[in-house]
Amino acid sequence: MDELISKYGWKKVAGVLVGVSVLFLLFVIVSFADIDKEANETQKKKDSSKTTQSETRINRIREGREKYYSHKTNYYDLSYPESYTLAILNTASALSSVKFTDSASSAVIEVVVFENSGGRLSELSLPYENSMFTKSTGTHPVGPMVEFAGILGGTLRQKVVLITKGDTVIRFIDTYQDENFDQVAEQIFSDMLLSIK
């Protein structure tokens with residue numbers, strides 16, 4: 001380095017070093033800009049693919065081309081799509097408890113039956129009443145119902161429906177992880193809920 005300075009002078013050597021540094025910084029900035037552009041294009045393609053798959057599936061459901069199975073218990077009968085797997089759970093405080101998991105998404109639907117003894121509906125509603133969930137009431141073909149809907153932690157969407165059917169309360173919970181409203185998950189939840197007899 002001393003030889004270069006003595007041969008060309010410190011101003012020329014410093015000018016060359018500054019020039020090389022600026023060129024290097026420009027190269028790094030352009031490289032990161034290209035990486036961001038590629039990442040955005042990849043994300044757009046994934047989002048577009050997900051939307052197309054969702055639209056195709058929702059059309060199959062609406063047109064009745066989605067295959068459904070029947071699940072029967074002593075307390076209710078319902079239909080669920082073939083893409084969901086069924087697991088029977090052991091819950092000490094429940095008369096019946098099952099979980100349906102969608103292999104195509106993060107959606108999970110739980111159906112739990114409780115004995116409708118004094119204040120049970122209020123007890124089951126309490127955690128949702130004391131949250132930021134929105135509440136609505138209505139009537140299901142098998143009895144009166146209360147619905148709670150909300151988002152936990154920014155992306156975990158949950159809908160809880162409590163249906164009073166004779167001497168039981170059926171708790172129907174739909175949960176899925178998505179930043180956006182998942183039309184397929186919501187439609188399947190609605191279809192399964194309406195299929196309860």
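## Close-up views of a predicted model

**View 1. Lys72 sits in a strand.** Lys72 belongs to strand 1, residues 68–72. Helices (H or I, at least four residues) and strands (E, at least two) are DSSP runs, numbered from the N terminus. This is a predicted model: local features need pLDDT of at least 70, side-chain atom pairs count only at pLDDT 80 or more, and totals for chains, interfaces and linings use all residues. Residues are numbered from 1 along each chain as its sequence is written, and side-chain values use heavy atoms, leaving out hydrogens and water. Lys72 counts as exposed because its relative accessibility is 60%. Buried means under 20% relative accessible area, exposed over 50%, and partly exposed in between (1.4 Å probe, protein chains only). Lys72 and Lys197 are 125 residues apart in sequence. Their C-alpha atoms are 9.4 Å apart in space.

**View 2. Strand 4 and its partners.** Strand 3 (residues 84–88) pairs with strand 4 in the antiparallel sense over 5 bridges. Two strands pair if DSSP finds at least two bridges between them. Here Thr85 stands opposite Thr101 of strand 4. Strands 4 and 5 also run antiparallel, joined by 6 bridges. A hairpin links strand 4 to strand 5 through 5 residues.

**View 3. Asp102 in strand 4.** Asp102 lies in strand 4, residues 96–102. With a relative accessible area of 3%, Asp102 is buried. Its side chain makes a polar contact of 3.4 Å with the side chain of Ser83. A polar contact is a pair of N or O atoms within 3.5 Å; within protein, one must be able to donate a hydrogen and the other to accept it, and residues adjacent in sequence count only if both atoms are side-chain atoms.

**View 4. Phe100 and the largest nonpolar core.** This core has 23 residues, and Phe100 is one of those that touch the most other members. A nonpolar core is a set of buried Ala, Val, Leu, Ile, Met, Phe, Trp, Tyr and Cys residues joined through side-chain atoms within 4.5 Å. Helix 4 gives the most to this core, with 6 residues. Beyond its neighbours within four places in sequence, Phe100 is in contact (heavy atoms within 4.5 Å) with residues including His71, Leu78 and Met192. The bridge partner of Phe100 in strand 5 is Ile109.
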